[in-house]
Amino acid sequence: ADDSNLENLLKHYQHKYVLFGFSDKAQIYPRQIKMRGLASEFDCFCRNKFVERFNLALAGRHNISNALAVIGLGLELGINLETIKKTLASYRGAKRRLEVKFHQDYLIIEDYAHHPTEIKATLAAIENLMPKRIIAVFQPHRYSRTKLLLDEFGRSFALADYVIITDIYPAGEPPIEGISGRSIYEKIKEYSPQKEIYFLPKEEITSHILKIIKPQDLIITLGAGDITKTCDELVEAIKSR
C-alpha cells in the first residue's frame, strides 16, 4: 500500500488483492511500533480489527513491512495465528542482512544492500542502536545500476556519519565510460559537503578503519559483491589487536 507504482497498477486490476503497509490505504497495518535495538514489536490490525501483537528478532520498518506481508498471506491461507506469531518471533533473518559479525568495543554489521532504497532502510534500522558513529562502507554493484541510480545513491547515506566508497563490483558487466565508485563519492559530496567521506581501494579499507575507529562505533559494510571478504578481514584484524 506504500508503493505508488503498485497503486497505479491496481486501478485496472479486477481480482482479489490484499494491501499491507504503513499507508492508511492498507488492509493490514501496524500500530504501537517499538524498536528495541536489533528487534522490534508492533500491534497488527487487519481491516481495522486488532489481530495480535507481534515480536520480531529484526529491526527496521522494512522488516516490519515484510512481516505484515507474511501475516497477511498467513491469514489468507488460514494458517494458525499462533504458528505465524512463533515463526516470526524465531526468524533471525537472511545471511548478509543486518548480520552482526562482531560486537565488543565496536559493532560490525554486514548487509547485502546494494540499491539506494535498501541502503536508506538499513541505515535507518541501525540508527535505532544509537551508536556513537555509523561508519558505512559501500561497494557499488554493477556499472549500469550505478549510472542509472547515481543521484539516488548520492542521497542514500544521510544517516551515516562517516562514509567509505570503494570500486564497483562489476558482476560480469563491462565498464561504462565515466562511471566508477568515485562517481558515487562525488555525488555524496555534492549533497552532503560536510560529511566525512573517502574513496578507497578495497585493499586499503581495513587499515583505514583500524586507524579511525573509536569505542561504540558501528561499522557496516554494504554491497552485494565481495565486500563480505573485507568485513571478515576487518573482524579478524580487530580480534588480533
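What volume does the second largest pocket have? I looked it up and found about 170 Å³.

**Ground rules.** I am working on a predicted model, where local features need pLDDT of at least 70, side-chain atom pairs count only at pLDDT 80 or more, and totals for chains, interfaces and linings use all residues. I number residues from 1 along each chain as its sequence is written, and side-chain values use heavy atoms, with hydrogens and water left out.

**Pockets.** I took a pocket as an open set of points on a 1 Å grid over the protein atoms alone, where a 1.4 Å probe fits, with protein on both sides within 12 Å along at least five of seven lines. Lining residues have an atom within 4 Å of a point. Grid points are joined across faces, edges and corners, and the volume is the space filled by probe spheres set on them.

The second largest pocket is lined by 11 residues, and Leu38, Ala57, Leu58, Arg92 and Leu98 are the closest to its centre. I sorted residues into nonpolar (Ala, Val, Leu, Ile, Met, Phe, Trp, Tyr, Cys and Pro), charged (Asp, Glu, Lys and Arg) and polar (the others, Gly among them). This lining splits into 6 nonpolar, 2 polar and 3 charged.

The largest pocket has a volume of about 1100 Å³. Its lining counts 47 residues, with Phe20, His62, Asn63, Ser65 and Asn66 the closest to the centre. I logged 25 nonpolar, 13 polar and 9 charged residues there. Helices and strands are DSSP runs, numbered from the N terminus (helices H or I, at least four residues; strands E, at least two). Helices H1 (4-10), H2 (61-77), H3 (81-90) and H4 (116-127) each give this lining at least two residues. H2 supplies the largest share, 10 residues.

**Ala39.** I found Ala39 in strand S2 (residues 39-46). Is Ala39 buried or exposed? Ala39 counts as buried because its relative accessibility is 14%, and the cut-off for buried is under 20% relative accessible area (1.4 Å probe, protein chains only). Beyond four places in sequence, Ala39 is in contact (heavy atoms within 4.5 Å) with Lys34, Leu56, Ala57, Leu58 and Ala59. Its C-alpha atom is 9.6 Å from that of Asn128, 89 residues along the chain.

**Thr166.** Thr166 sits in the loop between strand S7 (162-165) and helix H7 (181-191). I read a relative accessible area of 1%, so Thr166 is buried. A polar atom of its side chain lies 2.8 Å from the backbone oxygen of Leu200. The backbone nitrogen of Lys202 is 3.1 Å from a polar atom of the Thr166 side chain.

**Cores.** A nonpolar core is a set of buried Ala, Val, Leu, Ile, Met, Phe, Trp, Tyr and Cys residues joined through side-chain atoms within 4.5 Å. The largest holds 26 residues, and Leu123, Phe157, Ile165 and Ile220 touch the most other members. H4 gives the most to this core, 4 residues. I also noted a second, separate core of 18 residues, including Ile108, Leu200, Ile219 and Ile238.

**Helix H7.** I listed Gly181, Ser183, Ile184, Tyr185, Lys187 and Ile188 as the buried residues of H7. Their cover includes S6, helix H5 (143-148), H6, S7 and strand S8 (196-199). At the start of H7, a side-chain oxygen of Ser180 comes to within 3.2 Å of the backbone nitrogen of Arg182.

Notes. Buried means under 20% relative accessible area, exposed over 50%, partly exposed in between (1.4 Å probe, protein chains only). A polar contact is a pair of N or O atoms within 3.5 Å; within protein, one must be able to donate a hydrogen and the other to accept it, and residues adjacent in sequence count only if both atoms are side-chain atoms.
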